[in-house]
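Here are my notes on the model, as numbered points. Please read them with the structure open.

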Amino acid sequence: MPEVRIEAEPRTEFGKGASRRTRREGRVPAVLYGQGADSRHFTLPGHDLMIALKTPNVLIRIEGLGKAALALPKSVQRHPIKNVIEHVDLIEVRQGEKVTVEIPIRVSGEVFSGGVLDQQLVQLAVEAEATHLPDGVDVDVEGAEVGTAVHAGDIELPSGTTLVTDPEALVLHVVAQQSQAQFDAELGEGTADGDEAAPAEAESESE
């Protein structure tokens with residue numbers, strides 16, 4: 001995975017007021033943790049950071065603070081409505097160091113007619129070298145028939161990558177497509193069960 005270089009500026013003011021001023025200037029407060037050193041506080045250009053974070057587990061080279069540092073996103077805080085980045089925590093890594101990250105599962109293809117794809121996992125936890133993290137894994141379900149199941153251990157991983165997720169974990173399977181009549185019947189059964197449970201609950205309350 002290629003590095004993304006971002007120029008940082010030291011952060012000397014703290015608190016909510018200082019953070020708001022920083023964001024108004026188009027920058028994002030950030031903290032870098034790791035490698036046995038004290039955490040470092042700085043700001044990053046908001047637009048550059050937003051573009052970089054569109055890539056899962058992006059490797060960021062932080063420059064402008066003396067010696068450059070390689071970092072991975074640890075947590076990203078976004079505004080609940082505007083969805084803009086308000087704060088980011090980064091973890092420092094070194095070339096050759098192994099880290100555990102979650103990578104996306106990309107599913108392609110159409111299952112066999114009469115089947116419906118039921119995907120249980122959208123990410124896999126893997127261990128890989130920090131500077132050679134995979135950007136995801138691919139699963140092709142083209143023509144998969146009802147009953148087909150793919151577990152974590154069935155997915156081919158890039159060279160140098162080790163699976164951390166339980167190999168027996170179900171990633172996806174193909175189930176039979178329900179007719180409207182079957183769906184209505186199951187819905188009716190669920191309603192009936194709920195109706196039967198209500199008197200028992202009321203009796204319990206009266207006791």
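1. **Burial.** A residue counts as buried when its relative accessible area is under 20%, as exposed when over 50%, and as partly exposed in between. By that cut-off, buried residues make up 31% of the 207 residues in the protein. Keep in mind that this is a predicted model.

2. **Overall make-up.** The protein has three helices and 14 strands. Take the contacts between residues at least 6 apart in sequence: 62% of them join residues at least 24 apart. The accessible surface is about 12700 Å². Carbon and sulfur atoms account for 48% of that surface.

3. **Ala30.** This residue sits in strand 3, which spans residues 27-33. Its relative accessible area is 0%, so Ala30 is buried. Beyond the residues up to four places away in sequence, Ala30 touches Arg40, His41, Phe42, Leu44, His87 and Val88. Ala8 is 22 residues away from Ala30 in sequence, and the two C-alpha atoms are 9.1 Å apart.

4. **Asp89.** Which charged side chain is buried yet has no salt bridge? It is Asp89, in strand 7. The nearest side chain of opposite charge belongs to Lys74, 6.0 Å away. A salt bridge needs a side-chain nitrogen of Lys or Arg within 4 Å of a carboxyl oxygen of Asp or Glu. Lys74 is still among the residues that Asp89 contacts.

5. **Salt bridges, Glu9 and Arg27.** Side chains of opposite charge can pair when their charged atoms come close. The count here comes to six salt bridges. One of them joins the side chains of Glu9 and Arg27, at 3.6 Å from N to O. This pair links distant parts of the chain, 18 residues apart: Glu9 is in strand 2 (residues 9-10) and Arg27 is in strand 3. What is the burial class of each partner? Glu9 is partly exposed, at 41% relative accessibility. Arg27 counts as buried, at 14%.

6. **The Arg106 network.** Arg106, Asp135 and Asp138 are linked in a network of salt bridges. Arg106 pairs with Asp135, with the closest N and O atoms 3.6 Å apart. Arg106 is in strand 8, whereas Asp135 is in the loop between strand 10 (123-129) and strand 11 (137-140), so this bridge ties together parts 29 residues apart in sequence. The side chains of Asp138 and Arg106 also meet in a salt bridge, at 2.8 Å from N to O. Asp138 lies in strand 11, so its pairing with Arg106 in strand 8 ties together parts 32 residues apart in sequence.

7. Arg106 is partly exposed, with a relative accessible area of 33%. Asp135 is partly exposed too, at 43%. Asp138 counts as exposed, at 53%.

8. **Positive patch.** Which residues form the positive surface patch? They are Lys16, Arg20, Arg23 and Arg24. Lys16 is in helix 1, which covers residues 16-24. Its relative accessible area is 68%, so Lys16 is exposed.

9. **Positive phi values.** Asn57 is not a glycine, yet its phi is positive, about 55 degrees. Asn57 lies in the loop between helix 2 (46-52) and strand 5 (59-63). Its relative accessibility is 18%, so Asn57 counts as buried. Asn83 also has a positive phi, near 65 degrees. Asn83 is in the loop between strand 6 (69-78) and strand 7 (85-93). At 49% relative accessibility, Asn83 counts as partly exposed.

10. **Val111.** Where is Val111 placed? It is in the loop between strand 8 (98-108) and strand 9 (115-119). Not counting residues up to four places away in sequence, Val111 touches Val116, Leu117, Val141, Gly143, Ala144 and Val174.

Technical notes: Residues are numbered from 1 along each chain as its sequence is written. This is a predicted model: local features need pLDDT of at least 70, side-chain atom pairs count only at pLDDT 80 or more; totals for chains, interfaces and linings use all residues. Side-chain values use heavy atoms; hydrogens and water are left out. Helices (H or I, at least four residues) and strands (E, at least two) are DSSP runs, numbered from the N terminus. Buried means under 20% relative accessible area, exposed over 50%, partly exposed in between (1.4 Å probe, protein chains only). Contact means heavy atoms within 4.5 Å. Accessible areas come from the Shrake-Rupley method with a 1.4 Å probe; for residues, only the protein chains shown count as cover. Patches are made of residues with over 30% relative accessible area and no salt bridge: like charges are joined within 9 Å, nonpolar side chains (Val, Leu, Ile, Met, Phe, Trp, Tyr) within 5 Å. Lys and Arg count as positive and Asp and Glu as negative; His and the chain ends are not counted. The place of a charge is taken as NZ of Lys, CZ of Arg, CG of Asp or CD of Glu.
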